[in-house]
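Here is a short report for a reader meeting this structure for the first time. Take a look at the sequence and the model before reading on.

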Amino acid sequence: MKLELADYCIRCGICEDLYPDLFRRNYQEHCMDVLYDEIPEQLQDRARQAAADCAVAAIRIVD
Ligand code: SF4
């Protein structure tokens with residue numbers, strides 16, 4: 001499983017607040033980074049929840 005962030009991410013930071021084990025704000029590039037290329041098995045449920053929690057549906061799950 002991979003996570004991709006859509007261009008229309010509004011950089012609200014909620015994903016980092018709720019899931020700091022998956023996301024981090026990139027201040028230099030003014031975007032959010034996903035901390036893993038491949039999401040570890042033990043974080044995949046949280047990754048799905050993060051995708052559901054993004055208010056603008058900018059987190060996409062790529063299998
Ligand atoms: S919660 Fe969604 S809109 Fe907000 S920073 Fe994360 S991916 Fe972007």
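The report goes from the overall fold to the ligand and then to one residue beside it.

## Overall fold

This is a predicted model. The protein has 2 helices and 4 strands. Along the sequence they come in the order β-α-β-β-α-β. The radius of gyration is 11 Å, close to the 11 Å that the globule rule gives for 63 residues, so the protein is as compact as a globular protein of that length.

The C-alpha atoms fill a box of roughly 30 × 20 × 20 Å along the principal axes.

## Burial and contacts

Of the 63 residues, 14% are buried. Residues 24 or more positions apart account for 55% of them.

## Around the ligand

The ligand is surrounded by 13 residues. The closest are Cys9, Cys12, Ile14, Cys15 and Cys54.

What classes of residue make up this shell? There are 11 nonpolar residues, 1 polar and 1 charged.

## A closer look at Ile14

Ile14 is among the residues closest to the ligand. Its place is in helix 1, which covers residues 14-18. Is Ile14 buried, exposed or partly exposed? Ile14 has 15 C-beta neighbours inside 10 Å. A buried residue needs 20 or more, and an exposed one has 12 or fewer. Ile14 therefore counts as partly exposed.

Ile14 also pairs up with a residue from elsewhere in the sequence for a distance check. Ala55 is 41 residues away in sequence. In space, the two C-alpha atoms are 8.9 Å apart.

Key: Residues numbered from 1 in each chain as written. Predicted model: local features only at pLDDT ≥ 70, side-chain atom pairs only at ≥ 80, totals over all residues. Near = placed C-beta within 6 Å. Nonpolar A, V, L, I, M, F, W, Y, C, P; charged D, E, K, R; others polar. Rg over C-alpha atoms; globule rule 2.2 N^0.38 Å. Contact = placed C-beta atoms within 7 Å.
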